[in-house]
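Biologist: Hey, I've just opened this one and I'm new to it. Can you walk me through what you see?
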Amino acid sequence: MPETEFRLVSHCCKDLQKSRRFYEEVLGFEVSETRETTSDVTANYLRLATPFKVNLVFLRKDGLILELQHFETHGTVAGREWITNQPGLGFVSLKVKDLPGLLAMLPAYGGEVVEETNLGSAVFIKDPDGQVVGLVEG
């Protein structure tokens with residue numbers, strides 16, 4: 001079996017500063033690196049046309065690296081509505097100590113609660129781009 005190692009989870013966002021603020025100030029991620037690239041090689045790897053420019057922020061929490069991507073030259077396209085049984089990556093889940101306190105912060109940071117999922121001790125929220133994050137109190 002080939003040897004593999006977890007690297008990161010990538011997240012495309014419409015407003016890099018708004019997303020960065022959400023993940024840092026609400027969910028406690030820390031910046032490990034920022035980068036900008038205009039490389040044709042990277043454009044080809046990501047299957048985007050040139051000219052190409054992407055701003056990247058690498059956030060870290062408990063060994064997980066979340067890469068925020070903002071495509072300056074290509075913008076973002078509309079996402080699809082989240083449902084749990086669609087193929088692909090579903091969500092990131094975090095354990096939190098003060099779930100009610102965190103939920104109260106969401107509107108000021110562009111996030112929202114997915115109300116029908118609120119079990120009191122577990123809930124799904126959406127970040128400013130609509131990406132779902134699971135929260136479990138514990």
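Predicted model: local features only at pLDDT ≥ 70, side-chain atom pairs only at ≥ 80, totals over all residues.

Biologist: OK, which residues of H1 are buried?

Modeller: Leu16, Ser19, Phe22, Tyr23 and Val26 are buried there. Looking down the axis of H1, you'd find those buried residues within an arc of 155 degrees, so they line one face of the helix.

Biologist: What's going on at the start of H1?

Modeller: Aspartate 15 has a side-chain oxygen that comes within 3.2 Å of the backbone nitrogen of glutamine 17.

Biologist: And what follows H1?

Modeller: Glycine 28 follows the helix, and its phi is positive, near 80 degrees.

Biologist: Switching to charges. How many salt bridges are there in the whole structure?

Modeller: A search of the whole structure turns up five. One of them links arginine 20 to glutamate 24, with the closest N and O atoms 2.5 Å apart.

Biologist: Where do arginine 20 and glutamate 24 sit relative to each other in H1?

Modeller: They're four residues apart in helix H1, which means about one helical turn separates them.

Biologist: Which residue does arginine 21 form a salt bridge with?

Modeller: Arginine 21 goes with glutamate 25, and there the closest N and O atoms are 3.6 Å apart. These two are also four residues apart in H1, so about one helical turn lies between them. Arginine 21 is partly exposed at 39% relative accessibility, and glutamate 25 is partly exposed with a relative accessible area of 44%.

Biologist: Which residues are linked in a network of salt bridges?

Modeller: Glu36, Lys53 and Glu72 are.

Biologist: Let's do strands. Is E3 mostly covered or mostly open?

Modeller: Mostly covered, with six of its eight residues buried.

Biologist: How is E3 joined to strand E2?

Modeller: E2 takes in residues 30–37, and seven bridges join it to E3, with the two running antiparallel. To find your way, look at valine 31: its bridge partner in E3 is leucine 59.

Biologist: And how many bridges join E3 to E4?

Modeller: Eight, and that pair runs antiparallel too. Arginine 60 stands opposite isoleucine 65 in E4.

Biologist: What do E3 and E4 form together?

Modeller: A hairpin, with two residues between the strands. Aspartate 62 is in the turn and has a positive phi of about 50 degrees.

Biologist: New topic: where's threonine 50?

Modeller: Threonine 50 is in the loop between helix H2 (40–45) and E3. Its relative accessible area is 45%, so it's partly exposed. Leaving aside residues up to four places away in sequence, threonine 50 touches Asp40 and Ala43.

Biologist: How far is threonine 50 from lysine 18?

Modeller: Their C-alpha atoms are separated by 26 Å, and the two residues are 32 apart along the chain.

Biologist: Last one. Where is threonine 117, and is it buried or exposed?

Modeller: Threonine 117 is in the loop between strand E6 (112–113) and E7. At 17% relative accessibility, threonine 117 counts as buried.

Biologist: What does threonine 117 touch?

Modeller: Ala122, Val123 and Phe124, again not counting residues up to four places away in sequence. A polar atom of the threonine 117 side chain also lies 2.9 Å from the backbone nitrogen of phenylalanine 124.

Terms used: Residues numbered from 1 in each chain as written. Heavy atoms only, no water. Buried < 20%, exposed > 50% of the residue type's maximum accessible area, 1.4 Å probe, protein only. Arc of directions from axis to C-beta. Polar contact = N/O pair within 3.5 Å; in protein donor to acceptor, adjacent residues only side chain to side chain. Salt bridge = Lys/Arg side-chain N within 4 Å of Asp/Glu carboxyl O. Pairing = 2+ DSSP bridges. Contact = heavy atoms within 4.5 Å.
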